[in-house]
Amino acid sequence: MTTPAATPATALPPTEQRLADSLDLDLLPSLDVLTLLNDQDRVAVDATRAALPQLAALVDEAAARFRRGGTVHYFGAGTSGRLGVLDAAELLPTFNLEPGRVTAHIAGGDAAIVHAVENAEDSAEEGAAAAVSLGPDDVAIGLAASGNTPYVGGALTAARAQGAFTALISSNPRARLIPLADIHVLLDTGAEVLTGSTRLKAATAEKLVLNGFSTALMVAVGRTWSNLMVSMVATNEKLRERTVRILREATGLDDEEARALLTLTDGDLKTAIVSNLATADATASRAALTSADGSVRGALTLLATGA
């Protein structure tokens, strides 16, 4: 009986290889451990910068489908899945995003958000089932540091079969799932300080990419005006006060005037901004916003041109 040859390190995904700079990690004082981790976090930032052209292409594809009523879906397992859940959850209050427009799917279901669900990531069938409702105007984004996760592969395969646009965000230039993606956003973060722990810089880079993707998407579809969160849902006192500040920044009104205008527009920030800047009443402002798919800039253009 022969002994199988050892698997060469180069056959492993970069995230599973050992980082030479951290070989004596357990001998280092805490400050040196933290410094090493922080140094490697900088690698994540640089990897994100290098991937911006591919990310921009993904934003543009998603925005075009979003305007046609399409939806965006994240598929991931473990840390990647949880980052997708976090990003999708924060879009509703920040951009008043309708439920279902950006949805996160995590291997193992909701229980996996706070507890590890064994073997869930190995189920291509579960991934395919999560993507069964996608269509040609939708976007499926696979999140997998290794680029090899079966759950993600199942989702991308099913999504592509139904005509959806597909993307993969990974930290592996030789990921097995690349052929299933129309766009591969490669985050070349390399080996982790703690070997195989992709909750470190691979996850940091993925979080940066998701922040960038969803924010740029919302900007592209008119959910902001200038650099202001005009679509924000004011669900508590802090956010209601922020609404007043945003209106003041957008219009130059003083505090009393801003509050009075918000009262006239039933607290709707976009309507208040359009009403003030276009010198239009609330009814006309709401109608223009509806015609412009909620875009303040679009509504102002419509009112200025009389369209």
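Across which strands does helix α3 lie? In this predicted model, helix α3, made of residues 78-95, lies across β1, β2 and β3. Its direction is at about 155 degrees to β2.

Let us step back for a moment to the whole chain. The protein chain holds eleven helices and five strands. Its C-alpha atoms fill a box of roughly 85 × 50 × 35 Å along the principal axes. Of the 307 residues in the chain, 46% are buried. Among contacts with a separation of 6 or more, 64% are between residues 24 or more positions apart. The accessible surface comes to about 15100 Å², and carbon and sulfur atoms contribute 54% of that.

Now to the sheet. Five strands form an open sheet in the order β2-β1-β3-β4-β5, and the pairing is parallel. At the edges stand β2 (102-106) and β5 (183-186); each has a single partner strand, so one side of each is left without a neighbour in the sheet. On average, and ignoring direction, neighbouring strands of this sheet are turned by 20 degrees against each other. Strands of a sheet pair through backbone hydrogen bonds, in either a parallel or an antiparallel way.

Follow the sheet to β3 and its two neighbours. On one side, β1 (residues 72-76) pairs with β3 in the parallel sense over five bridges, and F75 has G142 of β3 as its bridge partner. Strand β4 (residues 165-170) also runs parallel to β3, joined to it by five bridges.

How does the chain get from β3 to β4? Helix α5 (residues 150-161) belongs to this part of the story: β3, α5 and β4 make a right-handed β-α-β unit.

Finally, why is β3 described as largely enclosed by the rest of the structure? Five of the five residues in this strand, residues 139-143, are buried, so the rest of the structure largely encloses it. In a regular strand the side chains alternate between the two faces of the sheet. In β3 both faces are covered: V139, I141 and L143 are buried on one side, and A140 and G142 are buried on the other.

Conventions
Residues numbered from 1 in each chain as written. Predicted model: local features only at pLDDT ≥ 70, side-chain atom pairs only at ≥ 80, totals over all residues. Heavy atoms only, no water. Buried < 20%, exposed > 50% of the residue type's maximum accessible area, 1.4 Å probe, protein only. Helix = DSSP H or I, 4+ residues; strand = E, 2+ residues; numbered from the N terminus. Pairing = 2+ DSSP bridges. Right-handed = clockwise from strand over helix to strand, strands pointing away. Axes fitted to C-alpha atoms, helices over the stretch in contact; angles between N-to-C directions. Contact = heavy atoms within 4.5 Å. Areas by Shrake-Rupley, 256 points an atom, 1.4 Å probe, with all protein chains shown as cover.
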